[in-house]
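Subject: A structure for you to explore

Hi there,

Here is the structure I promised to pass on. Have a look around it before you read my notes below.

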Amino acid sequence: MNKVLFFAHLRDAVGEEFLTLEAGGKTVAELKADLAAQYDLPRMDTVMTAINEEFASNDEVIRDGDEIAFIPPVSGG
């Protein structure tokens, strides 16, 4: 099982701070696509991903037990 954390507008769209689900063996891109379809998440292509608190690319493979965080870009002044 994997803990998937959501921040900012993604948390609002999902309605939860995190989900626990099976993501082991999937790439980050596959997980993004699955979640975008299931929760109608906007702009997942611009979202940064961290696996176990280290930034990860879309082609990185998720292992069982990994913690995945999706962090949208932040704008400000």
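Let me begin with helix 2, where Val-28, Leu-31, Lys-32 and Leu-35 are buried (under 20% relative accessible area; exposed is over 50% and partly exposed in between, with a 1.4 Å probe and protein chains only). These four cover an arc of only 100 degrees around the axis, so they sit on the same side of helix 2; the arc is taken from the directions that run from the helix axis to the C-beta atoms.

Before going on, please note that this is a predicted model, in which local features need pLDDT of at least 70 and side-chain atom pairs count only at pLDDT 80 or more, while totals for chains, interfaces and linings use all residues. Residues are numbered from 1 along each chain as its sequence is written, and side-chain values use heavy atoms, with hydrogens and water left out. Helices (H or I, at least four residues) and strands (E, at least two) are DSSP runs, numbered from the N terminus.

Helix 2 has 12 residues and reaches 16 Å from its first C-alpha to its last, close to the 16 Å expected at 1.5 Å a residue (that is, 1.5 Å times one less than its number of residues). After helix 2 comes Asp-40, with a positive phi near 55 degrees.

What do the buried residues of helix 2 pack against? Their partners are strand 1, strand 2, strand 3, strand 4 (54-56) and strand 5. Leu-31, for instance, is in contact (heavy atoms within 4.5 Å) with Val-4, Leu-21, Ala-23, Ile-62, Ile-68 and Phe-70, leaving out residues up to four places away in sequence.

Leu-31 also belongs to the largest nonpolar core, which has 18 residues; Val-4, Phe-6, Leu-31, Leu-35 and Phe-70 have the most contacts inside it. Such a core is a set of buried Ala, Val, Leu, Ile, Met, Phe, Trp, Tyr and Cys residues joined through side-chain atoms within 4.5 Å. Helix 2 gives the most to this core, with three residues.

Now for strand 1: four of its five residues are buried, so strand 1 is largely enclosed by the rest of the structure. Strand 1 pairs (at least two DSSP bridges between the strands) with strand 2 in the antiparallel sense over four bridges. Four bridges also join strand 1 to strand 5, and these two run parallel. Find Leu-5 to see both sides: its bridge partner in strand 2 is Phe-18, and in strand 5 it stands opposite Ala-69.

Enjoy exploring!
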